[in-house]
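Subject: Structure handover

Hello,

Here is the structure you asked about. Please open it first, then read the notes below it.

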Amino acid sequence: MTDNIPAIKPFRKTGDPVDLTSESPLHPRRASRRIMVGPVPVGGGAPVSVQSMTNTLTADVPATLQQIAELTAAGCDIVRVAVPSQDDADALPEIVRKSPIPVIADIHFQSKYVFQAIDAGCAAVRVNPGNIRKFDEVGPAICKAATDAGISLRIGVNAGSLDKDLYAKYGGPTPEALVASALKEARMFEDVGFHDFKISVKHHDVITMVETYRLLASKGDWPLHLGVTEAGPAWQGTIKSCLAFGALLAEGIGDTIRVSLSAPPVEEVKVGCKLLEYMGLRPRKFDIISCPSCGRAQVDVIQLATAVTEGLKDVTAPIRVAVMGCIVNGPGEAREADLGVASGNGKGQIFIKGKVIETVPEDRIVDTLLEKANEIAAQMEADGLVPAGSTGPVVVPVTHTAAHAGHAA
């Protein structure tokens, strides 16, 4: 239901909800009910939120809070912490009290930790009915406790934790098997009148994951948590997640995401935030475009782009910098950016807002770009034009745009 939607309350210092974008330019968002994870709305047309999970020992409160602070600074909206032990459960009240973003307790096997997490003030609890002991008996009590506390739950299944009977029936973790498991769980909650939950149906295979979420999205209006489970190391996992999330978000499917990487959690958030930016679901922030290396280049584009990216890594103003290495696409791309360089013949033309402001020797290109970028960023900050929670640069290789396609080789 989307009636009587609670107002979005100020919460985190890393982003203003009014700056976020809820509608994709590619496809209308799928209609889903809205739940709340603390003050962060999920579903019902709310902006797609980014989640991650700490990898610290939750019982180590200082380390966990430090990592949550880092995730928050990177743009994370919601954080999940593991609660496999009593010590972890005991640490929740302090973590919840001091965290700048909503905390979800991740609980398996021991239902008593679910109740402790609710009592600790967690914004939500991730519950896996398939591995909670005697869930048929404790499920209604969990729903009542969550209702009384006004919190939401996350349910769902991963390919690796599929019910054995469903695995046998469908011959493995197929889309049909995963959706059947999710629907079974959803009914368990809805049968006792609980509807404040989101569902995830994760798989490590991109095609299976996309097909599964498409199928689940056609079955009801639950908000959906997107994830490619066990996506792999940073490079591989980023590609998998971008492919899967891009396909689904382009169809309007997905209300909150986690990029699951075998990498520091902050890297998950960086990828997730940039993915939403490039999908048009968050405002553009700092961006670097750079041409690929090719035989036309008259400078070392790789070295140039790397040096500029490193030099501007702490700049978060929403400016676009073009680092171009030849005369084919260079002037056009540099002219379209807020700041750019078109390099060739041992020199570089520096562009600001489409106009050449100076020509510098090749050995001064990097220093000049860094100087001008910092000047532009400082002016934007002074003018109040830098959104809170803005992130640093990501290098995006380009060949040519439609605007200059006629000049491309």
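**The cores**

In this predicted model, the largest nonpolar core has 80 residues, and Ile199 and Phe245 touch the most other members. A nonpolar core is a set of buried Ala, Val, Leu, Ile, Met, Phe, Trp, Tyr and Cys residues joined through side-chain atoms within 4.5 Å. Buried means under 20% relative accessible area, exposed over 50%, and partly exposed in between, with a 1.4 Å probe and protein chains only. Helix H6 (residues 175–190) gives the most to this core, namely eight residues. Another core, of 30 residues, lies apart from it and includes Ile289, Val299, Val315 and Leu370.

What does Phe245 touch, leaving out residues up to four places away in sequence? The list is Met209, Leu226, Gly227, Val228, Ala250, Ile257, Arg258, Val259 and Leu275. Contact here means heavy atoms within 4.5 Å.

**How the numbers were made**

Residues are numbered from 1 along each chain as its sequence is written. Because the model is predicted, local features need pLDDT of at least 70 and side-chain atom pairs count only at pLDDT 80 or more, while totals for chains, interfaces and linings use all residues; side-chain values use heavy atoms, with hydrogens and water left out.

**The chain as a whole**

The chain has 12 helices and 16 strands. These are DSSP runs numbered from the N terminus: helices are H or I with at least four residues, strands E with at least two. Of the 409 residues, 53% count as buried. Among contacts in the chain with a separation of 6 or more, 66% are between residues 24 or more positions apart.

**The sheet**

Eight strands form an open sheet with parallel pairing, in the order S8-S7-S6-S5-S4-S3-S10-S9. Strands S8 (197–202) and S9 (225–226) are at the edges, each pairing on one side only. Two strands pair if DSSP finds at least two bridges between them.

Strand S7 (residues 152–158) runs parallel to S8 and is joined to it by six bridges; Gly156 stands opposite Ser200 in S8. Strand S6 (residues 124–127) is joined to S7 by three bridges, also in parallel, and Val125 has Leu153 in S7 as its bridge partner.

In a regular strand the side chains alternate between the two faces of the sheet. Are the two faces of S7 covered or open? Both are covered: Ser152, Arg154, Gly156 and Asn158 are buried on one side, and Leu153, Ile155 and Val157 on the other.

**Helix H9**

Helix H9 (residues 265–278) has 14 residues and should span 20 Å at 1.5 Å a residue, which agrees with the 20 Å between its end C-alpha atoms. The expected span is 1.5 Å times one less than the number of residues. In H9, 11 of the 14 residues are buried, among them Val266, Glu268, Cys273 and Lys274. The cover over the buried residues of H9 includes strand S3 (49–53), helix H1 (61–74), helix H8 (234–249) and strand S10 (256–258). Just after H9, Gly280 takes a positive phi of about 80°.

**The annotated positions**

An unreviewed UniProt entry carries the annotation "binding site" for Cys291, Cys294, Cys326 and Glu333. UniProt positions follow the numbering used here, feature names are shortened, and annotations may be inferred rather than shown by experiment. Cys291 is in the loop between strand S11 (287–290) and helix H10 (301–311), and counts as buried because its relative accessibility is 13%. Cys326 is in the loop between strand S12 (320–324) and helix H11 (330–336), and counts as buried at 8%.

Regards
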